[in-house]
Amino acid sequence: MGSEVFSYESLVHAVSGAVGSVTAMTVFFPLDSARLRLQVDENRKARSTPAILAEIIEEEGLLAPYRGWFPVICSLCCSNFVYFYCFHSLKASWLKGKQSVPSTDLIIGIAAGIVNVLVTTPLWVVNTRLKLQGSKFRNAAIHTTNYSGIRDAFVQILRDEGVGALWNGTVPSLLLVLNPAIQFMIYEGLKRQLRRGVPRELSSAEVFIIGAVAKAVATTVTYPLQTIQSILRFGQSNIPRDESKLLSSLKTIRRLLASRLRMYGVLGLFKGLEAKLLQTVLTAALMFLLYEKIVSCTFSVMGLSNNYNKKR
C-alpha cells in the first residue's frame with residue numbers, strides 16, 4: 001500500500017496535472033472571470049461571454065479580466081496536485097496492476113475529491129474574494145473588500161470572520177466532488193473505449209475531444225451547486241451563526257437555490273453556464289492534453305511508457 005501511495009509515478013501524475021491545469025487556466029482565465037461575475041452579481045444581466053468581458057474591460061480596464069490571476073493559479077496548482085496525486089495513488093493501491101472500470105474510477109474520484117476539498121478550500125475562499133475585489137457590481141448590497149494580497153486576505157478573514165470562514169462553501173464543495181469524479185470516470189472510460197484493449201498513446205485530437213466531452217457533462221450536471229459554492233465563498237450570503245456549521249450550510253444552500261428559482265426560474269440556476277462551459281471545457285481539454293503529453297514524455301524518458309499505457 002505504502003509503495004503505491006508514495007510512488008514516483010504518482011508524483012509524475014500530480015506534477016503533470018498541476019502544470020497542465022495552470023497553463024490551461026492562464027490561457028482561458030478571462031472566461032472564468034466572466035463566469036464568476038455572473039454567478040455572484042445577481043443584478044448583472046445574463047449576456048454572451050464576449051459582451052460581459054467587453055463590459056468589464058470598459059468599466060474596469062483592460063487587465064480587469066485577469067484580476068486575481070495569481071491567487072487562482074496558486075489555488076489551482078495546489079488543488080490539482082493534490083487531486084491527481086490522490087487519484088492515481090489510490091487507483092494504483094486499489095487495482096494493483098489490473099484494468100479499471102467506470103465504477104472504480106468514480107469511487108476513487110470521489111475519495112480524491114474529498115481530500116482535495118478539505119485541504120484546499122481556504123485557498124479557494126481567498127482567491128474568490130481577491131478575484132472579485134475592485135469589481136463594479138450591479139448589486140448594491142455587495143460590500144467591497146480591501147485585501148493587499150493572499151497573506152493579508154488570510155489575516156483579515158481570520159481576524160474578522162474566524163477560522164470557519166476559510167471553509168465557507170465546504171458543504172457544496174463536498175457535494176461537488178462529483179464534478180471531477182464524473183469527469184475522470186467519463187475521461188478514463190472513453191480512453192479505454194478508444195484503445196479497445198490495445199495499449200497505445202492517444203492522439204492529441206483524441207485527448208482534447210474526450211477531455212472536453214467529459215468536462216462538459218460533469219459541469220452541466222453540477223452547475224447549480226457551483227453557483228451556490230461561488231456565492232458562499234464570496235462570503236456575503238448571511239449565513240446564520242446560531243446553528244451548527246453543517247446545518248446552517250445545508251439551510252443556506254436550500255435557501256439560495258430556492259431564491260434563485262423564485263426570482264429567475266430554472267434558468268436562474270444556470271446563469272453564467274455558457275461562460276462556464278466555454279471556459280471550463282476548453283481549459284479541461286487543454287489541461288488533459290498537456291497532462292498526457294507531460295506524463296508520456298516523462299515516463300518515456302524513464303523507460304516506463306509501455307507499462308504506463310498498459311496500466312490505464
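A word on conventions first. This is a predicted model, so local features need pLDDT of at least 70 and side-chain atom pairs count only at pLDDT 80 or more, while totals for chains, interfaces and linings use all residues. Residues are numbered from 1 along each chain as its sequence is written, and side-chain values use heavy atoms, with hydrogens and water left out.

Let's start with helix α4, residues 69–95. Helices here are DSSP runs of H or I with at least four residues, numbered from the N terminus. The expected span is 1.5 Å times one less than the number of residues.

Now the surface. Y8, L11, V15, V19, F81 and M302 make a nonpolar patch of about 490 Å². Patch residues have over 30% relative accessible area and no salt bridge, with nonpolar side chains (Val, Leu, Ile, Met, Phe, Trp, Tyr) joined within 5 Å; areas are Shrake-Rupley with a 1.4 Å probe, and for residues only the protein chains shown count as cover. Helix α2, residues 8–40, gives the most, with four residues. V19, which lies in α2, is partly exposed at 40%, where buried means under 20% relative accessible area, exposed over 50%, and partly exposed in between.

How many disulfides are there? With cysteine sulfur atoms required to be within 2.5 Å, the count is zero. For C74, the nearest cysteine sulfur is that of C78, 6.8 Å away. C78 in turn has the sulfur of C77 as its nearest, at 5.6 Å.

We require a side-chain nitrogen of Lys or Arg within 4 Å of a carboxyl oxygen of Asp or Glu, and the whole structure has nine. E60 pairs with R67 at 2.9 Å; E60 is buried at 16%, while R67 is partly exposed at 21%.

D105 and K91 pair at 3.4 Å. D105 lies in helix α5 (residues 102–132) and K91 in α4, so this pair ties together parts 14 residues apart in sequence. Both D105 and K91 are buried.

K191 and E188 form another bridge, at 3.9 Å. They sit three residues apart in helix α8 (residues 178–195), about one turn. K191 is buried at 1% relative accessible area, and E188 is buried at 1% too. Shared partners join K91, D105, E188, K191, R192 and E292 into one network.

Definitions and conventions
Helix = DSSP H or I, 4+ residues; strand = E, 2+ residues; numbered from the N terminus. Patch = residues over 30% accessible without salt bridge, like charges linked within 9 Å, V, L, I, M, F, W, Y side chains within 5 Å. Buried < 20%, exposed > 50% of the residue type's maximum accessible area, 1.4 Å probe, protein only.
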